[in-house]
There are 2 protein chains.
Amino acid sequence: MLLCVVFAFCCVLHGFASGAKPNIVLLFADDLGFGDLGVYGHPTSTTPNLDTMAKEGLVFTQFYSASGVCSPSRAALLTGRYQTRSGIWPGVFGANSAGGLPHNETTIAEVLKEEGYATAIVGKWHLGVGFTKNNTYLPIHQGFDYYLGIPYSHDMCPCLICFYPDQPCFDKCRTSETPCPLFENSTIIQQPADFTTLAATYTNAATAFIRKNSESDQPFFLYVAYQHTHHPQFASKQFRNSSIRGTFGDSLSELDWSVGQIFETIRSTGIANNTFVFFTADNGPSLTRQVRGGNQGLLKCGKGTTYEGGMREPAIAWMPGKIKPARTTELGATVDILPTIATIAGGKTPTDRPIDGVDMSPILFEGGQSRRDYYYYYPKSPSPEIGVYATRYKQYKAFFYTQGSHCGSPYYDHDCWESTRQAKHDPPLLFDLLQDPSEKYPLNVEAYKDVVSVITEMTEKFNREMVWGTSEMHVKSSSADQPCCKPNCKPFPTCCVCKQGRLHLDKSSPIF
Amino acid sequence: MLLCVVFAFCCVLHGFASGAKPNIVLLFADDLGFGDLGVYGHPTSTTPNLDTMAKEGLVFTQFYSASGVCSPSRAALLTGRYQTRSGIWPGVFGANSAGGLPHNETTIAEVLKEEGYATAIVGKWHLGVGFTKNNTYLPIHQGFDYYLGIPYSHDMCPCLICFYPDQPCFDKCRTSETPCPLFENSTIIQQPADFTTLAATYTNAATAFIRKNSESDQPFFLYVAYQHTHHPQFASKQFRNSSIRGTFGDSLSELDWSVGQIFETIRSTGIANNTFVFFTADNGPSLTRQVRGGNQGLLKCGKGTTYEGGMREPAIAWMPGKIKPARTTELGATVDILPTIATIAGGKTPTDRPIDGVDMSPILFEGGQSRRDYYYYYPKSPSPEIGVYATRYKQYKAFFYTQGSHCGSPYYDHDCWESTRQAKHDPPLLFDLLQDPSEKYPLNVEAYKDVVSVITEMTEKFNREMVWGTSEMHVKSSSADQPCCKPNCKPFPTCCVCKQGRLHLDKSSPIF
């Protein structure tokens with residue numbers, strides 16, 4: 001009886017008891033720093049649509065990605081598990097990687113398929129292609145009904161034209177790989193992808209998917225993994241030279257425009273009151289790109305590090321009538337998104353394996369406390385011998401190891417530099433992140449013996465109990481693993497060029 | 001005829017043509033950094049009232065104080081003129097200074113007295129006392145009808161109890177000076193000032209002044225110059241240990257509470273639609289105080305420098321129905337406040353002397369462009385031989401000189417350190433502040449020859465034409481110049497102790 005009352009209370013609070021299952025939209029930016037949005041303090045970013053989302057939603061100030069780099073961060077996001085469990089370590093997938101997210105992992109999309117959701121991903125997948133294995137690692141084999149996107153970072157292919165109509169890209173991209181492939185499902189429909197229209201292509205697919213599904217009784221899950229604001233930045237006619245913040249600002253403005261189109265579609269199709277939207281990013285800014293990298297605000301260092309600037313991200317949750325507009329200092333993380341979405345959808349978080357995420361519903365819907373008071377920071381290239389570099393417990397963060405990053409810059413503090421090698425700290429370096437978010441003033445560990453003891457013990461236990469998945473980064477590969485719209489053509493890889501085919505963005509497709 | 005049309009148009013836009021003159025409230029924080037408020041990106045500050053002000057008002061992202069330290073910044077604020085003109089250089093006034101803001105300067109209060117305003121200042125004056133000269137430099141001789149406050153920084157006296165009920169202050173204060181005097185008009189009514197009730201004392205005076213004047217037809221000008229968030233931080237029973245940000249957060253929360261009380265009074269007395277409120281601060285954070293200093297967000301260095309962190313400040317303008325909620329990247333400065341207030345009050349900006357400020361009305365009331373596309377940065381201790389250290393022109397900032405600060409910290413970059421002496425740059429160091437707000441990536445001056453040429457020329461002209469006022473800092477003084485409630489008592493200065501007298505916060509006072 002008591003259980004029934006508790007259950008009814010929860011359901012009333014969440015408002016998910018009756019009616020259609022909520023639609024879910026996950027917006028994920030690339031290399032966007034904690035300080036890049038106006039609502040997080042950037043003085044010259046222009047993001048009216050994200051500002052509106054923030055004004056109407058819940059803004060996190062202590063929200064973490066699972067890694068300072070792409071692939072592991074995305075693996076953790078989609079599985080609710082640290083990347084070490086799924087084998088997405090060390091580092092990231094490249095264009096010619098042969099590994100990918102193992103099929104025995106359960107993604108958010110697979111959780112939601114069980115609940116009858118239509119599922120789609122638009123954008124950067126970066127969890128493997130398996131090009132010589134029938135594209136077995138692409139999203140359509142991981143719970144997504146539909147995929148449109150470049151399956152990895154767009155600097156992993158030779159980048160040529162980034163700005164409408166024909167202006168070259170800034171920064172160097174990899175030149176020995178095949179041109180950037182744009183996949184639809186498991187077909188390359190354009191190679192190289194056209195950056196001057198890419199945001200519109202992604203956005204059209206996203207809004208078409210929303211419109212289509214808003215007309216049916218089927219709930220949907222849409223995951224938009226933007227290539228923006230990763231380098232090389234690109235922009236369409238509408239956004240090139242549009243921002244006073246320069247090239248990075250143009251990229252951010254185009255991302256924001258896309259977010260605006262998606263919200264506009266959610267509102268105009270009448271599903272706003274039953275749609276949960278979450279915005280965050282994969283890792284901190286690529287400082288080595290200088291003014292064309294992002295900005296970590298007041299945090300220390302950026303992409304590729306376990307300092308706050310590498311892994312603390314903007315994060316905004318939106319669901320009118322269910323989530324109250326506010327700012328929260330409660331702890332959250334991308335691994336928490338799967339359990340949270342499972343709750344929202346009335347679905348099941350896998351119970352046959354360790355899940356690192358916790359349900360954020362109390363924070364989102366009840367103005368309550370986080371179910372986590374800890375977080376573990378893996379470096380970009382973790383190893384079982386070392387384990388996590390740092391651990392947060394309540395307001396404290398202990399560094400057992402520190403290291404700079406290839407994404408550092410000599411203009412930032414020395415700790416961020418690539419030349420700053422791995423250093424072990426025993427006793428750990430201890431910081432109070434609530435009073436010292438910039439990790440500038442190490443605490444006297446003698447005065448915090450109890451904290452150091454607790455945090456060391458929990459870290460050792462976590463490292464001891466971690467079961468490391470076989471590394472997918474070490475799967476043997478060759479240049480043939482690089483996606484090519486004309487396999488076996490010559491001269492490889494420059495011959496891999498195809499004009500855009502017809503997208504299935506119409507009613508003949510099972511999705512559209 | 002055309003003039004009439006233009007005039008009518010402006011008046012319609014501003015809405016100040018008819019009816020009572022608007023009331024004006026100027027809120028001024030102490031040592032508050034660009035990154036200290038939640039609305040400017042701080043993750044753990046709690047400022048609900050300033051957040052509301054920001055939500056309803058215009059938030060500046062490119063707003064400058066006139067100096068990296070107190071007295072000169074306040075002189076420029078109140079006169080609309082760089083501190084060099086009024087002689088408030090080099091450095092700041094101390095407890096035993098004998099100089100002060102010259103009487104031939106025209107303050108905002110004096111401009112508004114001419115327009116029939118009731119005027120009051122509550123808080124930190126820091127423009128001289130003249131204790132042995134009948135307190136001639138106190139606000140009541142500078143256009144203010146009423147003054148309540150400590151007339152300088154509260155670390156310029158021996159600080160003892162900072163937190164309710166009897167907890168000591170952090171940080172060292174000056175011990176050889178008289179205890180902090182609390183003046184009402186020209187009488188010391190309490191010595192030492194009670195920090196555990198000071199915010200409430202200030203706030204009660206401010207709200208009493210608003211209430212009193214809201215009942216009359218006389219418009220009013222209220223200048224609240226908070227001691228918060230300058231070190232040593234202090235807090236009442238309600239706010240000690242109230243913030244997850246620690247001691248600095250407690251101080252900031254108490255400041256925010258006071259701002260809330262003032263807004264509550266403005267609203268409850270029915271004058272919200274005819275009251276202009278402006279919030280900003282005197283200079284950047286005192287980094288040497290570490291977690292008890294403020295935070296400059298993504299800007300470089302802090303208090304005492306001419307880097308952005310020393311002089312770019314949070315700034316919010318509020319006037320419901322007249323100022324639209326927005327964020328602006330237009331340039332503004334504290335010297336612009338006098339001309340702006342003069343316009344709002346239908347008053348006169350002095351024409352018999354150079355005024356450095358420009359009217360911000362186009363930005364505030366028309367969503368228009370700033371009348372300034374330049375700004376000059378004087379160091380904390382300027383000299384006629386050197387002149388300005390840096391000049392902003394449009395998005396560019398050229399440093400002709402750089403120097404660290406006594407308010408720096410070894411935990412920040414070397415450029416901020418006290419040990420970093422004055423360095424001359426020829427050609428100047430050039431930055432693009434819109435793309436590189438952190439002043440990290442110097443531009444190639446060869447590629448920006450035209451910019452360097454323009455900015456050098458305008459700087460040389462400005463320096464050449466500057467007429468330096470006689471330094472008020474060099475006026476000869478002795479310990480007798482320190483305010484003491486029992487002059488000539490012994491042992492001096494510790495004998496200068498008086499319990500709080502009765503404040504004139506009642507109807508018998510000309511103001512209350």
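The legends below describe close-up views of a predicted model. In this predicted model, local features need pLDDT of at least 70 and side-chain atom pairs count only at pLDDT 80 or more, whereas totals for chains, interfaces and linings use all residues. Residues are numbered from 1 along each chain as its sequence is written, and chains are lettered from A and ligands numbered from 1 in the order in which they are written.

**View 1. The interface between chain A and chain B.** In this view, 26 residues of chain A are in contact with 26 residues of chain B (contact: C-beta atoms, placed from the backbone, within 7 Å). The side of chain A that touches chain B comprises 9 nonpolar, 12 polar and 5 charged residues. Here Ala, Val, Leu, Ile, Met, Phe, Trp, Tyr, Cys and Pro count as nonpolar, Asp, Glu, Lys and Arg as charged, and the others, Gly among them, as polar.

View 2. Helices (H or I, at least four residues) and strands (E, at least two) are DSSP runs, numbered from the N terminus; two strands pair if DSSP finds at least two bridges between them. Strand 17 (residues 396-402) of chain B is joined to strand 18 of chain B by 6 bridges, and Tyr396(B) has Asp432(B) as its bridge partner in strand 18 of chain B. Axes are lines fitted to C-alpha atoms, for helices over the stretch in contact, and angles run from 0 to 180 degrees between N-to-C directions.

**View 3. The packing of helix 2 on helix 7 in chain A.** Helix 2 (residues 48-56) and helix 7 (residues 247-268) of chain A pack at an angle of about 55°, with their axes 7 Å apart. Helix 2 and helix 7 of chain A are therefore oblique to each other; angles under 35 degrees count as roughly parallel, over 145 as roughly antiparallel, 65 to 115 as roughly perpendicular and the rest as oblique. Helix 2 of chain A contributes Pro48(A), Asn49(A), Leu50(A) and Met53(A) to the contact, and helix 7 of chain A contributes Asp256(A), Val259(A), Gly260(A) and Phe263(A). These contact residues divide into 5 nonpolar, 2 polar and 1 charged.

**View 4. Backbone exceptions in loops.** Most residues other than glycine have a negative phi, and most peptide bonds are trans. The bond from His228(A) to Thr229(A) is cis, with omega near 5°, and Thr229(A) lies in the loop between strand 10 (220-225) and helix 7 of chain A. Asn135(A) has a positive phi of about 55° and is buried, with 22 other C-beta atoms within 10 Å. A residue is buried if 20 or more other C-beta atoms lie within 10 Å of its own, exposed if 12 or fewer, and partly exposed in between, with C-beta atoms placed from the backbone.

**View 5. The covered helix 3 of chain B.** In helix 3 (residues 70-79) of chain B, 10 of its 10 residues are buried. The covering elements include helix 4 (83-86), helix 5 (108-113) and helix 9 (337-344) of chain B.

Conventions
Contact = placed C-beta atoms within 7 Å.
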